[in-house]
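Hi,

Here is the structure I promised to hand over. Have a look at it first, and then read on for what turned up.

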Amino acid sequence: MATKLALVVRTDLDMGRGKIAAQVAHAAVTAALAALDGDSFRRWIEDGQPKVVLRVPGAAGLDEVITRARASGLPVELVHDAGRTQVAAGTLTCCAIGPAPTDLIDAVTADLTLL
């Protein structure tokens with residue numbers, strides 16, 4: 001069973017490329033640490049830690065993806081910015097879904113496009 005980690009980023013915040021990279025890294029690290037002792041993590045490591053970075057147009061789109069992922073029983077980690085640079089403190093910038101079976105993640109994220 002293939003696994004992956006999906007990282008979903010808001011595009012309405014006009015974050016620079018470096019800021020987006022940092023937010024996605026926060027999400028990936030948090031998701032990996034949260035899954036560290038589980039079977040999905042082990043399989044994800046064995047699969048080569050596949051990741052996909054996807055976009056949503058705004059907060060409502062991200063909230064919808066988070067709700068669908070949680071309803072499907074998928075692990076979800078949220079990233080709220082510290083407010084030191086480009087966005088206000090507490091702003092929800094992105095989320096990580098997984099690591100989990102690819103088909104379960106795809107069922108939630110299939111309508112999203114790559115960043």
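Let's start with Thr102, which touches Ala2, Thr3 and Lys4, leaving aside residues up to four places away in sequence; contact here means heavy atoms within 4.5 Å. Thr102 sits in helix H4 (residues 102–109), where helices (H or I, at least four residues) and strands (E, at least two) are DSSP runs numbered from the N terminus. With a relative accessible area of 19%, Thr102 is buried; the cut-offs are under 20% for buried, over 50% for exposed and partly exposed in between (1.4 Å probe, protein chains only).

Before going further, some ground rules: this is a predicted model, local features need pLDDT of at least 70, side-chain atom pairs count only at pLDDT 80 or more, and totals for chains, interfaces and linings use all residues. Residues are numbered from 1 along each chain as its sequence is written, and side-chain values use heavy atoms, with hydrogens and water left out.

Now the sheet. In what order do the 5 strands of the open sheet run? The order is S3-S4-S1-S2-S5, and the pairing is mixed. Strand S3 (76–80) and strand S5 (113–114) stand at the edges with a single partner strand each, so one side of each has no neighbour in the sheet. Two strands count as paired if DSSP finds at least two bridges between them.

Going along that order, S3 and S4 run antiparallel and are joined by 5 bridges, with His80 opposite Leu92 in S4. Strand S4 (residues 92–101) is mostly covered, as 10 of its 10 residues are buried. S4 is also joined to strand S1 (residues 3–10) by 6 bridges, again antiparallel, and here Val9 stands opposite Cys94. S1 and S2 are joined by 6 bridges too, but they run parallel; Ala6 has Val52 in S2 as its bridge partner.

Strand S2 (residues 51–56) then meets S5 through 2 bridges, running antiparallel. Leu54 stands opposite Leu114 in S5, and Arg55 has Thr113 as its bridge partner.

On to the rings. How many aromatic pairs does a search of the whole structure find? It finds 1. The pair is Phe41 and Trp44, which is tilted, at 6.0 Å centre to centre and 50° between the planes. For reference, rings of Phe, Tyr and Trp (its six-membered ring) pair if their centres lie within 6.5 Å, and planes under 30 degrees apart count as stacked, over 60 as edge-to-face and the rest as tilted. Phe41 and Trp44 both belong to helix H2 (residues 39–46), 3 residues apart, or about one turn of the helix. Both Phe41 and Trp44 are buried.

Last stop, helix H1 (residues 17–35), which holds Val29. Is Val29 buried or partly exposed? Val29 is partly exposed, with a relative accessible area of 48%.

Happy browsing!
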